[in-house]
Amino acid sequence: MEHFDYIIAGGGCAGRSLAVRLLPYLQATNKRALLVDYAEKKSNDRTWCFWEQDPDVFEPAVYRKWKQLSFASKFLDRELDIQPYQYKMIRGLDFYAHTDQLLANQPQLIHLQGKVERQYTEKDQACVVIDGKTFSSDYVFSSIPQVQEKKPDRYQYFLQHFEGWVIETEGNTFDPESATLMDFNTSQQAGTSFVYVLPLSANRALVEYTIFSKQELAPEDYSAALQQYIREQLKCEQYTIIEHEHGVIPMTDHPIKRQQERIIYLGTAGGFTKGSTGYTFRFIQKNTAAIVQQLMKSGHPNIPAISSPRFELYDATLLHLLDSERISGEEIFSRMFKKNSAMKILKFLDNESSLLEELQIFSTLQKTEFAMALWNRTLKLIRSN
Ligand SMILES: Cc1cc2nc3c(=O)[nH]c(=O)nc-3n(C[C@H](O)[C@H](O)[C@H](O)COP(=O)(O)OP(=O)(O)OC[C@H]3O[C@@H](n4cnc5c(N)ncnc54)[C@H](O)[C@@H]3O)c2cc1C
């Protein structure tokens, strides 16, 4: 059985982020890792957006970035000054090509295309079966989705589902310096719904219709909402659709196992998708950077949680409030952006705010409704015990 020091099972965002960060450590210690994914990763299967203050290792793959964002709803219309953050976009295809290039011809890192059929710990080793062949390692880092039985009597299971079009317009329709983070001027009937608009040039933008709800829509409903938004809000009649993106991201407060003996879960499989927003990219970067830092310091990859557990409580409370339908997501986000600086909100959504900053934000929100959601969630947990 071939042995590697580490096996990285799943070579999407999290697997590749870890592999790139791990490379200098492998070179310094003369250790070997195997990165495996069944997909070739040659298509633009997703676009990642995130905000950050300082450039990170994937800065060369950033396709566009904006210093100015805007928020719109029937309650609020606001330009958001997000300094010291920048809002960035990385296209999947560019990320895969960039990481392929960084990882190519590295004797310390073997990149294999194959299907992971099983992962398990045996004695002091973590093993992976790939297309019928077993490989062993000291640790497996896995971003392959875990199958978890749902417990709807305890937890919320929302989906963030979206359809995005890159459109090209005939005239100059967009301001390339400013992106729309959330525009709630779209029907709220199917759930909390908004559109974001990321201009790629004056006549090209990614326009994405996003919903937080428990069910996906029929394909024609996403198209109808996008057509209506482009016509009524962007005032644009003539355009060409250049690319499509469709995605579903889980939004849940169901706790996810981050480690099973010598298998350490990464990415969405490791619970690094924020329950209340679906944002994952920055959490993956923080997590994989912390793992490599720990390896360098102590030789083992076991790290403490990258965020305080209180953020999980906040995320769960928001999901319960959305579920109760006592107030709409549009009202909640409008109030939040009306009463707080964008910088403070982005820090909070990154799970990096202080308790004092959080209390300041909560004092501006719909306190009674949030308190009731917290109470309902607590009752739900007690009753289902
Ligand atoms: C369309 C879309 C857009 C998104 N946009 C954003 C965004 O803008 N910002 C943000 O923060 N988050 C976003 N997310 C959420 C999240 O960042 C992404 O899903 C991200 O790719 C998660 O990284 P991951 O490594 O956990 O999963 P993935 O990137 O999906 O990687 C998992 C890998 O495992 C491989 N795999 C699965 N099973 C096997 C197997 N049995 N054997 C071998 N390989 C296997 C898959 O081929 C895949 O490459 C988006 C998600 C989607 C779906």
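In this predicted model, buried residues account for 52% of the 385 residues in the chain.

The secondary structure consists of nine helices and 18 strands. The chain is as compact as a globular protein of its length, because its radius of gyration is 22 Å, close to the 21 Å that the globule rule gives for 385 residues. Along the principal axes, the C-alpha atoms fill a box of roughly 60 × 55 × 40 Å. Contacts reach across the sequence: of those between residues at least 6 apart, 73% join residues at least 24 apart.

In soluble globular proteins, nonpolar side chains tend to be buried together. Here the largest nonpolar core has 44 residues, and the members touching the most other members are Tyr87, Leu198 and Phe337. Six residues of this core come from helix H5 (residues 310-324), which gives the most to it. Leaving aside residues up to four places away in sequence, Phe337 touches Phe71, Leu76, Arg78, Leu80, Leu181, Met182 and Ile345. Another core, of 32 residues, lies apart from the largest one; Ala14, Leu18, Trp48 and Phe141 are among its members.

Notes
Residues numbered from 1 in each chain as written. Predicted model: local features only at pLDDT ≥ 70, side-chain atom pairs only at ≥ 80, totals over all residues. Heavy atoms only, no water. Helix = DSSP H or I, 4+ residues; strand = E, 2+ residues; numbered from the N terminus. Rg over C-alpha atoms; globule rule 2.2 N^0.38 Å. Buried < 20%, exposed > 50% of the residue type's maximum accessible area, 1.4 Å probe, protein only. Contact = heavy atoms within 4.5 Å. Core = buried A, V, L, I, M, F, W, Y, C linked by side-chain atoms within 4.5 Å.
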